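Subject: Structure handover and notes

Hello,

Here is the structure you will be taking over. Please open it alongside the notes that follow.

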Amino acid sequence: MNQIEVTVTGTIRRPLAEVSRQFGDVRHHAANRVHPKLTFTILEERGESVRFRQKLSLVGMKQIDEIVQTRRADGSLDSEIVDGTNKGSRFTQGFAPEGGDATRITLTFRVPATGVKRLFKALFEVAIRKTVVDALEEDRFDLEVRGYRPAA
């Protein structure tokens, strides 16, 4: 299958458990506008899974997706876009300790390259990478500077 795959890594100077919890806390992200260019609406929470709607603009095109995010036993997060603009996309968020109280984050996105995404695959890959890099920096700021507090 023709797809766009983007992997971004980074380090956040906070303990792994806190970083993992913040990344999976959709309620916190929605309430605190951690990612100002994204809008989150929680649709359903069930155990270790949350279904939510995400809105953003990518290369000037509005993207509206329904995502099911599931926390795995190791603290990593698996997400699948089950409906919307990018249906069939998957992304993973992995966490590993990196000396002291720092955490290494690995984010991998796999997006089907169909329609206009197939025609302009390189452009979409650059746009997805920039969006992910920006989001990782926003999460780092939320954790290291603002001081993440779990959503009520």
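One definition to begin with: buried means under 20% relative accessible area, exposed over 50%, and partly exposed in between, with a 1.4 Å probe and protein chains only. By that criterion phenylalanine 40 and phenylalanine 52 are both buried; they come up again below.

This is a predicted model, in which local features need pLDDT of at least 70, side-chain atom pairs count only at pLDDT 80 or more, and totals for chains, interfaces and linings use all residues. Residues are numbered from 1 along each chain as its sequence is written, and side-chain values use heavy atoms, with hydrogens and water left out.

The sheet

Helices (H or I, at least four residues) and strands (E, at least two) are DSSP runs numbered from the N terminus. Two strands pair if DSSP finds at least two bridges between them. Seven strands make an open sheet in the order S1-S7-S6-S5-S4-S3-S2, and the pairing is antiparallel. Strand S1 (3-12) and strand S2 (39-46) are the edges, each pairing on one side only. From one strand to the next the twist averages 20°; angles run from 0 to 180 degrees between N-to-C directions, and axes are lines fitted to C-alpha atoms, for helices over the stretch in contact.

S1 pairs with strand S7 (residues 103-112) over ten bridges, in the antiparallel sense. In that pairing, isoleucine 4 stands opposite valine 111, and threonine 9 opposite threonine 106. The covered face of S1 has Ile4, Val6, Val8, Gly10 and Ile12, while the uncovered face has Gln3, Glu5, Thr7, Thr9 and Thr11.

S4 and S5 pair over seven bridges, with arginine 71 opposite leucine 77. They form a hairpin with five residues between them, and glycine 75 in the turn has a positive phi of about 95°. S5 and S6 pair over four bridges, with glutamate 80 opposite arginine 90. The hairpin of S5 and S6 also has five residues between its strands, and there glycine 88 takes a positive phi near 95°.

Contact here means heavy atoms within 4.5 Å. Helix H1 (residues 16-24) packs on the sheet and touches S1, strand S4 (61-71), strand S5 (77-84), strand S6 (90-97) and S7. The direction of H1 makes about 160° with that of S6. Helix H4 (residues 121-146) lies across S1, strand S3 (49-58), S4 and S7, at about 25° to S1.

The core

A nonpolar core is a set of buried Ala, Val, Leu, Ile, Met, Phe, Trp, Tyr and Cys residues joined through side-chain atoms within 4.5 Å. The largest one has 30 residues, and Phe23, Ile105 and Ile128 have the most contacts inside it. S1, H1, S3, S5, S6, S7 and H4 each supply at least two of its residues; H4 gives the largest share, six residues. Beyond its neighbours within four places in sequence, isoleucine 105 is in contact with residues including Val8, Val19, Phe23, Phe95 and Leu136.

Aromatic pairs

Rings of Phe, Tyr and Trp (its six-membered ring) pair if their centres lie within 6.5 Å; planes under 30 degrees apart count as stacked, over 60 as edge-to-face and the rest as tilted. The whole structure has three such pairs. Phenylalanine 40 and phenylalanine 52 have ring centres 5.8 Å apart and planes at 55°, so this pair is tilted. Phenylalanine 40 lies in S2 and phenylalanine 52 in S3, so the pair ties together parts twelve residues apart in sequence. Phenylalanine 91 and phenylalanine 109 are stacked, at 4.7 Å centre to centre with 15° between the planes. Phenylalanine 91 is in S6 and phenylalanine 109 in S7, 18 residues apart, and both are buried.

Aspartate 139 lies in H4 and is buried, with a relative accessible area of 4%. Its side chain makes polar contacts with the side chains of glutamine 22 at 2.9 Å and histidine 29 at 2.8 Å. Threonine 103, in S7, is buried at 0% relative accessibility. The side chain of threonine 103 reaches the backbone nitrogen of leucine 16 at 2.9 Å.

Regards

Note on methods:
Polar contact = N/O pair within 3.5 Å; in protein donor to acceptor, adjacent residues only side chain to side chain.
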